[in-house]
Structure formats: C-alpha cells, structure tokens
Amino acid sequence: MKKIMALVAALALAGCSGNPGDTELRTALDNAEGSLLKLTSVERVNGYEQGDNNYVIEANAEYEFTDSYDNLLASTTGFDQRRIKMAGMFYGEFDKGDTYSTSYTVTFVDSENGWQPINVE
C-alpha cells in the first residue's frame, strides 16, 4: 500500500510545472518596452497563484537606452519619427546609456508549452 501511495504522489508531482522562472520573467519584460530600451536588471518582488492556471509576478525592472533621443530623431522619418517623439514625451529627452526604472505586474498562464505571459502591466 505504501508503494502505491508513493507512486501516486510521484505521478502527481511530475505533472506540476512549478512557477514561472527568471527566464520567463526576463523574456516578458524584455519585450515590454520595445527596441529603444535594453533590459539590464530584474528583481522579483512578489509572486502568487491566481486561479488554477495563472501565476502573477510583481517585479522591478531597469532598462538602458540603446541610443540618444537626438540621434534617433535625426535618423528617422515619418511614422518612426513620430514614435520617437512620443517616446520623448513619455521618457523625456534621453541619452544613450541613461537608465529607466519601473515596476510591472506580469500574469502568466500555464500552457502545454510552459508558462506564457498573457498580461504585462
């Protein structure tokens, strides 16, 4: 009987995929701010289950600007230039290497392909 109980427990644990790891979190946050910024650090603040298949992670992130506002503005036209101007309105006029820190709440769903981000706020 003990062998059967141990087998059942092992099979139940084998089906668990755990919580989203640092790799899943970094990938979600790396894509959150677009190509103007490069993710440089992530700090997990909190994590909790939400329902049966969701897991929420609260995190702090720091990004570095990949180029200066003036450089990007001078090298773009049309829609891309408007996008840079909008970024300047949000971030202010930035220089290459300036940093930007923010906090996120990321919701993941446990899918057949592993943990996938479904909401990044």
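A contact here means heavy atoms within 4.5 Å. By that criterion, threonine 107 touches Gln50, Asn54, Tyr55, Val56, Gln116, Pro117, Ile118 and Asn119, leaving out residues up to four places away in sequence. Threonine 107 sits in strand E3. Its relative accessibility is 11%, so threonine 107 counts as buried (under 20% relative accessible area; exposed is over 50%, partly exposed in between; 1.4 Å probe, protein chains only).

The model is predicted: local features need pLDDT of at least 70, side-chain atom pairs count only at pLDDT 80 or more, and totals for chains, interfaces and linings use all residues. Residues are numbered from 1 along each chain as its sequence is written, and side-chain values use heavy atoms, with hydrogens and water left out.

Now the fold. The chain holds four helices and four strands (DSSP runs numbered from the N terminus: helices are H or I with at least four residues, strands E with at least two). Their order along the sequence is α-α-β-β-α-α-β-β. Among contacts with a separation of 6 or more, 61% join residues 24 or more positions apart.

Next, the interior. Of 121 residues, 24% count as buried. The largest nonpolar core has 22 residues (buried Ala, Val, Leu, Ile, Met, Phe, Trp, Tyr and Cys joined through side-chain atoms within 4.5 Å). Leu29, Tyr63 and Val106 have the most contacts inside this core. Elements giving it two or more residues include helix H2 (22-30), strand E2 (54-65) and strand E3 (99-111). E2 gives the largest share, six residues. Tyrosine 63 touches several residues beyond four places away in sequence, among them Leu29, Leu37, Leu39, Tyr100 and Tyr104.
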